[in-house]
Structures are given as C-alpha cells and as structure tokens.
Amino acid sequence: MSATIIKVAGPLVVASGMRQAKMYEVVRVAKERLVGEVIELHGDTASIQVYEETSGVRPGEPVELTGQTLSVDLAPGLLTSIFDGIQRPLEQIEEKAGSPFISRGIDVPGLNRKTLWDFRPSVSVGTAVSAGDVLGTVQETTLIEHRVMVPPNMEGVVHSIESGKKTIEDVIAMITTADGKNVPVTMLQKWPIRIARPVKGKLVSTEILATGMRILDTLFPMAKGGAGAIPGPFGAGKTVTQQSLAKYCNAQVIIYIGCGERGNEMTEVLTEFPHLIDPNSGEPLMKRTVLIANTSNMPVAAREASVYTGITIAEYYRDMGYDVALMADSTSRWAEAMREMSGRLEEMPGEEGYPAYLGSRTAGFYERAGSVSCLGAGDRKGSLSVIGAISPPGGDFSEPVTQNTLRVTKVFWALDARLAYKRHFPAINWLQSYTLYAENLSATFGRTIAEDFMKNRERALTILQQENKLEEIVRLVGTDSLSPKEQMILETARMIREDFLFQNAYDPVDAYTSIKKQYRILRAIFRFADAAVPVIEQEDFEFQKLRSLPIKDEIAKAHLYPETEIQKFDTLETMIDESVRSLMITA
C-alpha cells in the first residue's frame with residue numbers, strides 16, 4: 001500500500017500507509033515533493049511536519065519515504081554560506097527558481113558537489129586512526145583551515161590516502177576496519193541535526209569569551225563554551241547586541257541563526273555581514289561565518305529545524321578544535337513554532353499554550369554548548385558558546401520561554417526598554433542581569449588583566465546597587481539632604497553608568513573595548529572616587545566643587561582612547577590625583 005495524504009492542517013500533514021516510516025524520517029510530500037519530517041506515528045498513520053508552504057496540497061496525494069533522517073552536509077564550503085532553515089543555500093535557490101521568492105519543491109544540495117578543494121593529507125598509509133582523528137586539511141578560507149576528520153563510529157588503519165584537488169564527494173582515503181573491509185572516506189559527512197555530535201568529555205572552561213562590550217566583559221562575563229540568554233522587549237536592542245557579539249567576540253567561527261525574525265531585520269543582516277571587516281584579521285567577517293536565515297514569512301515548521309541545523313554545523317567546527325560562537329535570534333520564535341505544531345497535533349498544552357516538552361527541548365538545545373575534549377588522538381580542545389535572544393511578549397520575563405531558558409543558562413543579560421527609551425545602549429539592566437561564570441574566570445582575569453580586576457567588578461556592582469536604594473530617598477527629599485559620602489556614591493555610580501557602561505556600537509573606537517582598556521577606565525573612575533574621600537570629609541566642603549571639576553570631562557572621554565594608546569591612562573590618573581588634591585583646604 002502506497003503512502004497517501006489523508007489530512008492537511010497548515011504545515012501539518014497526516015498520511016496513511018506509513019507503517020514502514022521511522023520517527024524523524026525525511027519524506028517528500030505531494031506531487032511537488034515538499035520536504036517534510038515524521039514527528040508522530042500511530043500504527044499505519046504518521047503526522048508530518050512540512051518545511052514548505054502547503055497551500056494547494058490535498059488528500060489523496062502521494063508521500064514518498066526517503067529512509068533518511070533530517071541531516072546536514074558537513075564539509076568544506078560551509079563558511080561564507082547563507083542557508084535557509086533546512087540548509088538549502090539561498091543563492092542557489094534563487095538561481096534555480098529564477099525569482100527572489102522561494103518556489104516550492106526546490107531540491108538543492110546544501111553544499112556544492114562540483115567545487116574542487118585542495119586536500120593535504122596529515123597522516124600516511126599504515127597509520128591507525130579512530131573517530132575524530134584528522135586525516136588532512138583544506139584551506140576553506142584565508143581565516144579558517146578545515147580539518148577533515150575520521151567520521152564518528154569508525155576506526156581502522158589507513159589503507160590509502162590521496163592529496164590534490166578533490167570535490168567533497170571524491171574518495172580521499174580508504175580505511176581498513178577491524179573486520180578487514182576497506183571503507184571509503186570522503187570530505188563530506190552527514191549528521192542528523194537532532195543528535196548531538198559525540199565528544200570525549202566536557203571541560204570546565206576558564207577562558208573568557210571576550211565581547212568588547214564593557215557591561216558584558218566586566219560586570220557579567222561569559223566563559224568560552226558557556227550558554228547565555230538575552231531577553232528583551234521589542235526595540236531594546238537584541239539584534240544589534242547579537243550582531244556586535246558576532247563581529248567582536250573572540251570566537252574563531254561564528255554561526256548566526258535568524259529564526260523567525262522580521263524580513264527587513266534579516267535582510268539588514270544579510271546585506272551588512274558580507275561587508276563587515278573582522279577586527280582581528282582585517283579580512284571580511286563572512287570568511288569565518290555561516291548565516292542561517294529563516295524569516296517570519298517562511299513556513300513556521302522550518303523555524304524548529306533552523307536552530308538544530310545551526311548548532312550541528314557549530315558542533316562540527318568545535319570538533320575540529322575551534323572556539324565557536326552561535327547566536328540564535330530569537331528562540332522565542334522557535335518556541336512559538338513548537339507551540340503551533342503541538343496545537344495542530346492536538347497535544348495537551350502546558351503553560352500559556354506551549355507544549356509540555358518546552359523545558360526539555362530548551363534544555364537539550366543549550367546543553368549542546370560547552371568546552372570539550374574532542375574525539376581523536378592528541379589533546380584537541382574546542383568550545384561552543386550559545387547565546388540565545390528571547391522576545392518575551394511585553395517584556396515579561398516571567399513568561400515560559402524566558403523562565404525555561406534561565407534554568408539552563410548561566411548568563412542572563414536582561415535588556416530594559418526604559419534604558420533604551422533613555423538612549424542608554426547597550427540597554428542591559430545591571431540590577432537584573434547576572435553571571436554564574438565569574439568564579440571560574442576569576443583566576444584568568446587576575447592572571448591576564450590585573451589582580452584587582454574582580455575586586456573592582458564587585459565594587460562597581462555594589463555601588464550601582466547602593467545608587468538604586470539612594471534614588472528613592474532622593475526622589476522624596478532631594479540630593480542635598482544626603483551626606484557627602486552618599487552624594488559621592490551617587491556621583492561615582494553616575495560616572496560608571498555614563499562613562500563606562502554606555503557604549504556606542506556605531507562608533508569605530510567605542511564599539512569595541514579590550515578587557516585591559518575596560519579595566520583602566522573603571523580604575524580611573526575609582527581613582528577619582530578614592531582621591532575624593534579626604535576632600536569631602538573636610539568641614540563645610542561644597543560638593544558642587546567636586547562635581548564640576550574639569551578632570552571629569554577627561555575621564556568621560558577615556559573610552560575614546562585608541563587601543564594602541566593605553567599609556568594615556570597613566571597620565572590621566574596623575575591628572576586625577578592633582579586635580580582632586582587642589583580642592584583640599586589648607587590651614
């Protein structure tokens with residue numbers, strides 16, 4: 001009995017004659033051969049999640065089983081590419097469709113099968129190899145060397161290996177397994193997107209994921225291999241923050257997923273990224289980037305696949321030993337796609353209509369982040385940092401997607417609409433945000449930046465919290481009723497907010513600040529605060545004199561010092577001491 005459609009409900013298609021189907025098997029639906037995936041089996045019937053528009057599909061049309069699970073192509077050619085949610089290259093789709101609009105049923109391979117890559121072996125005939133061992137390399141871009149690895153679940157002895165120009169489907173080596181069979185190996189691997197790639201083990205990361213954003217690196221730092229969340233309402237700056245992280249963070253490979261975002265926002269990303277220059281190398285940023293574009297007007301089911309497609313590609317580069325950062329913008333749209341499909345499957349709804357498995361799916365996604373010991377010989381280490389943006393309706397952080405994400409991530413960068421309204425960017429609320437990586441990174445900060453780095457960080461957070469308490473008193477009785485010490489706390493907090501935390505993402509100097517420079521800016525602010533202590537303790541001292549010192553303008557400009565002129569801070573600190581000391585009343 002051939003499989004046929006018996007019901008169509010938006011992106012959900014129910015077919016009979018599916019007894020031979022497997023869970024998560026890819027199928028071809030209707031005469032147009034739309035891409036679908038089996039997500040539920042009941043005896044002879046199967047529910048299929050279709051990743052393309054189903055309008056016009058009707059009962060009685062055929063369903064074709066492929067015997068394969070939804071997988072991605074992993075080989076040279078991934079970098080610089082722009083894919084849709086199921087790894088179809090957008091440029092090739094446009095070319096084949098002859099239109100900027102995606103036609104249904106287009107079957108385009110994820111990677112070009114005709115491009116020749118210069119393969120250079122790194123093992124010789126007779127070498128014993130196992131899963132994850134590097135067989136050779138390909139210079140994928142000028143920034144990234146692609147390491148061709150022995151596929152997982154394979155080991156043996158290299159029977160033959162060839163160098164030279166090869167396509168990703170050409171045989172590059174033959175491996176003799178334990179049972180005496182010669183197994184051909186190509187540069188192309190396929191991996192099911194819902195299964196995490198294997199590793200030797202996970203490690204506790206003590207390396208800093210430097211982002212160049214002062215509020216993140218100093219107050220709420222993240223470790224390489226960490227998992228973080230950026231929740232915020234519309235207009236608070238999630239996308240700009242994600243793009244800034246993609247450009248400036250010290251990961252070697254960037255995977256950027258636009259999941260269900262508005263078309264104009266995604267267009268901006270797709271047009272800007274190819275022109276961005278990598279600040280570390282001076283080369284185009286796309287040479288170490290993979291973009292996955294799945295806009296809000298694309299079929300909703302493909303959003304669910306896009307995050308898994310992105311993280312599988314990210315794991316592949318992590319397995320080579322690279323530090324990878326994945327930006328998912330936004331996971332709320334992914335959760336909404338799950339909610340829609342769950343509703344069509346008539347499953348029991350959980351909180352706010354989301355499926356009961358929202359928590360486990362969210363945890364499963366973020367758990368794929370980590371700093372790992374890679375499969376294969378040697379001590380190869382890699383990391384995968386995952387940063388997910390969340391769009392809670394009305395900025396309500398108590399909603400299920402935000403709460404389920406907070407349970408599994410260790411960094412929470414809370415965007416605040418009120419700060420955005422005041423034009424304070426990045427609009428990250430320092431009272432709501434937190435990090436659980438500070439203890440792991442403490443020794444690294446102390447060794448690489450300064451011994452008192454963490455002490456200054458804690459002091460800054462304490463002052464900002466004290467300011468929040470004092471502001472209520474100020475609203476009731478005014479600033480003049482406060483003691484000089486309390487007025488100094490407010491002034492120091494203002495300097496931290498305006499001269500340190502505020503950062504212009506569009507200024508070529510201010511957009512990126514090294515952690516050493518961040519430390520010196522904050523130290524200059526505290527130098528001023530400490531120098532002011534004996535001054536404000538003088539009897540009948542007018543606090544306005546301290547507030548109007550010209551040196552404060554110099555401190556405010558310190559964030560614009562070029563990275564190559566860090567020594568300017570030594571002169572600034574001397575000027576601070578002399579300027580504040582001039583307010584001492586001599587007998």
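**Helix packing and buried residues in a predicted model**

In helix α8 (residues 400–408), the residues Pro400, Val401, Thr402, Asn404, Thr405 and Leu406 are buried, where buried means under 20% relative accessible area, exposed over 50% and partly exposed in between (1.4 Å probe, protein chains only). Helices (H or I, at least four residues) and strands (E, at least two) are DSSP runs, numbered from the N terminus. The cover over the buried residues of α8 includes β19 (227–231), α6, α7 (358–366), β24 (381–390), β25 (411–412) and β26; contact means heavy atoms within 4.5 Å. The model is predicted: local features need pLDDT of at least 70, side-chain atom pairs count only at pLDDT 80 or more, and totals for chains, interfaces and linings use all residues. Residues are numbered from 1 along each chain as its sequence is written, and side-chain values use heavy atoms, with hydrogens and water left out.

The axes of α5 (residues 301–319) and α6 (residues 331–344) come within 8 Å and cross at roughly 130°. Axes are lines fitted to C-alpha atoms, for helices over the stretch in contact, and angles run from 0 to 180 degrees between N-to-C directions. Helices α5 and α6 are therefore oblique to each other; angles under 35 degrees count as roughly parallel, over 145 as roughly antiparallel, 65 to 115 as roughly perpendicular and the rest as oblique. On the α5 side, Ala301, Arg303, Glu304, Val307 and Tyr308 meet Arg333, Trp334, Glu336, Ala337, Met338 and Met341 of α6. The residues of this contact comprise 7 nonpolar, no polar and 4 charged. Ala, Val, Leu, Ile, Met, Phe, Trp, Tyr, Cys and Pro count as nonpolar, Asp, Glu, Lys and Arg as charged, and the others, Gly among them, as polar.

Helices α10 (residues 438–448) and α11 (residues 453–477) pack at an angle of about 135°, with their axes 9 Å apart. Ala438, Ser442 and Phe445 of α10 form the contact with Phe453, Met454 and Arg457 of α11. By class, this contact has 4 nonpolar, 1 polar and 1 charged residues.

Asparagine 429 lies in the loop between α9 (417–421) and β26 (434–435) and is buried, with a relative accessible area of 8%. Not counting residues up to four places away in sequence, asparagine 429 touches Ala414, Asp416, Arg418 and Leu419.

Glutamate 573, in helix α16 (residues 568–581), is also buried, with a relative accessible area of 4%. Leaving out residues up to four places away in sequence, glutamate 573 touches Arg520, Arg523, Ala524 and Arg527.
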